Amino acid sequence: MINLEFIINTLSLGSLYAMLALGLVIVYGILRLVNFAYGELVMVGGYTMYLATFYTPLPWLGVAVLAVLAAMLTSLFTELVAFRPVREKSLTAMLITSFAVSTLLQNGALLIISPRARAVTLPQIFQTSVMIAGTSVPWRNILIILTCILTLTVLTLLLRRTVLGIALRAAADNFTMTRMLGVPANTVISTAFAISGIMAGIVSIFWIGRSASVTPTIGAAPLLVAFVATVIGGMRSLTGAVVGGFVYAIIISLLGVILPPGLVEFREAFMFAIVIIILVFRPEGLIRSKSSEERVG
Amino acid sequence: MNLAARLKPFNTPLTLVAVVLVIALLTQLVGISLLTRIVTVMFVSIILVLGLQLYMGNSGILNFAHIGFMGIGAYTAVLFSMTPEAKVLTNSDLYLFLVPLHLPFLPSLLIGGLVAALFAALISYPLMRLSDAAAVITSFALLVIIHVVLLHWDRVSNGPRTLFGVDNYTTLWVSVVFAVITIFVVYFFKESRIGLRLRASRDDRYAAASIGINMVVMRWLAFIVSAFIAGVGGGLWAHFITSFTPYSFYLNETFVVLAMLVIGGPYSVSGAVVGTLLVTATREVLRGIENQVNIMQIFPEGFFGFTEVVLAVVLILILIYRPTGIMGNRELRWPRRRNQAAPAETTEPEG
Amino acid sequence: MLELNDVHARYGAIIALRGVSIYISKGELVALLGVNGAGKSTTLGCIAGVLRPWQGGITFEGASILGKSPEQIARLGISLVPEGRDIFPSLNVEENLRLGAFTRSEKSEYRRNLGEVYDLFPVLKERLQQPGGTLSGGEQQQLAIARALMSSPRLLMLDEPSLGLAPALVDQIFELIARLHQRGVTILLVEQNVDRSLEIVDRAYLMNTGLIESHGSAQQLRAHTDIEGIYMGMQGQTKK
């Protein structure tokens, strides 16, 4: 049933997915690296919230800020320690490294905390709803949409008004040329990883807010979402990532309504099949952007 | 021509086979069932890693879908090898036309491999033309698709539930035989015209592009053979472990196999074998430590994930400091006698 | 100001430079001429820090710059405008220029350079908010050079600035280069358009398959080397 509830749910899902995709694309655009450890940044955010609510008297807003900070720092750390040394080598080496980092972080959580799920106390507001035009809308969904708008605004300002932001966009166009203008490669890349971590951290607040618990493997699903949304939107463009996130949310919500019960579980498989089709026939994604992947044959 | 000269081109595969046989013999002699189990799995892993090496080592492209093909091979093989009663017992929802199928072990294995290869053949041709980054991403997408399908196609795979009751056909010597065969297959693929041409294209993408269609076809063929090996390996593994779920063929397994190949050296057949040996040994030791710590209850929440953390760190270190792996580009050779001139080694440019 | 000494460089297995030695003094306009594949762009790449020679030395104002990263080279005041312009298509004109001035931090210098750039390239002033990718070829070339000028370069290197441009624009570009030379900018020019280049340069080097074949002023080169012959594929023949 496509009603107001469906629309708002899809919008909030789209907002979440858009932010997820942004975090992935911002690194991909510059380095061509699909960071398999990106999902684990969401996990780190989740565990930070668990530890913070458990061990500190911080109010929920403080916990949220801490989660974002932790995700950002983890992202920076992995860049410094794992990605920077292999950056010069080859894309394949970087991809395998990101896979290894993902495994490392997952099992690190397993080792340090526990294999069992950890409950995260959520703020009261995540459980309440408000009446809009006759439908009950969870506050959580509204918050997601608002956060997304806020985040996109701040990010856009950063990317358009500051020199660093301009340098980041330039690096996504042509990394070598950016360096030849004197922009330090490490600064650009670290900034991209930092933004990536911040996005993951923000998403983690709401992702955990759905299930109220965190496990070491919770990062797998966000990664796949970011993945698909990114490809749909065209992997080099930030606007594309946002659009991709919304398109993905719309498609998957529609599939959930349209598909018969026997096929509904295969939604994800459909989405990934679409991913492959897009990559084969239209690698630039659905958004017109200035550059595209090179073909070989 | 004496025997030594006749055997020269077979030097590397024979050396590797010798290593495998020695390990197998020792294991048989020692006779501890735990050790036998570990070594049997290790040989099956060698087969899987070799299959990955065939594609990745020659084409230079990362293939995340490999374990997916292992899964296809596993589920297909057991569909044929299990008796109808056993099948219905574990999966009451099984498609009726699948129930009466029953074949001996070997044909079941081969069918598993063929189905995996067929799927690879059909799906992958358009993917062979993609650039590196896109090719990797699509292989990852393939892995997810295979996983989701296996997870939800209850009437074939029993969904997320355990599929149990598989006969334990994969004994130590069964796995040895298949490992030996695979060593030869992968080595001679490498040294064949296709292998050489693939590696030439790996090293100089733009010169090879002028060869055009040929390279796409060669990559495709390598992909198919690689998938076949993965399928057979999956079947072997299924008949060792005798019960499994789709989760056995997803990211964790992918990580282990990738680690074995990269640590050993993705550009040589010996690398695949050596990597598997080393990683298996290391994992068992670490696992032993984990178990000890858990038995002693040092940590209230349990001590898990230690093995994987160490393995991941080792993998990262190898990528930073020795990206061509332990074997580099070299193959294992039986050492020659001192007064014979050493043959020029085929060293290839760093990948 | 800049000196290359017996520089050897390669791309993988392909040897691109086999011992190139050139120099350029402050205020000079020097050209590197030669056919496609002669090694001209490679030479610029080595200077800019994008490619590392495996033999030989490069010094700038007395100090070695061999092995320095592109960022460091840029900070020393060496600016490269690559072949194909390489302007940032998703940034607008103003942002391209802003980034060009990255290595300079003084506001007054920025405004001064911007003023000069508007002076030299009035069309850019009109198109400030337009994305670089939507500019015409000629405008992109102007933007690329303007961007390089924003950094007040001590040494400006231009790689085939006239490539792919209509004849009228080619005139404009060479005129511009001559004007910059008059203003005192030190320029290293790589070009295939020999005639026009020789009209404006102080000196030129003729490159062929990774080596310097001849060197001298415009008159010397015209007198002693069969320039057209080289460009027709007959190499190294001296004039009648």
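**Exercise 1.** Work out why the radius of gyration of chain A agrees with that of a compact globule.

*Solution.* Start with the rule: 2.2 Å times the number of residues to the power 0.38, with the radius taken over C-alpha atoms. For 297 residues this gives a value near 19 Å, and chain A has 19 Å, so the two agree. Next, look at the extent: the C-alpha trace of chain A spans about 55 × 45 × 40 Å along its principal axes.

A word on the model: it is predicted, so local features need pLDDT of at least 70 and side-chain atom pairs pLDDT 80 or more, while totals for chains, interfaces and linings use all residues. Residues are numbered from 1 along each chain as its sequence is written, and chains are lettered from A and ligands numbered from 1 in the order written.

**Exercise 2.** Find how far apart the two domains of chain C lie, and what makes up their contact.

*Solution.* First, take the bounds, which come from an automatic or database domain assignment: domain 1 of chain C is 1–77 + 154–240, and domain 2 is 83–152. Their C-alpha centres lie 24 Å apart. Then count the contact (C-beta atoms, placed from the backbone, within 7 Å): domain 1 of chain C gives 13 residues and domain 2 of chain C gives eight.

**Exercise 3.** Decide where chain C should be read with care.

*Solution.* Chain C averages 85, and 93% of its residues score at least 70. Over residues 234–240 of chain C, however, the pLDDT is below 50. Where pLDDT is low, predicted coordinates should not be read in detail.

How values were computed:
pLDDT = per-residue confidence, 0-100.
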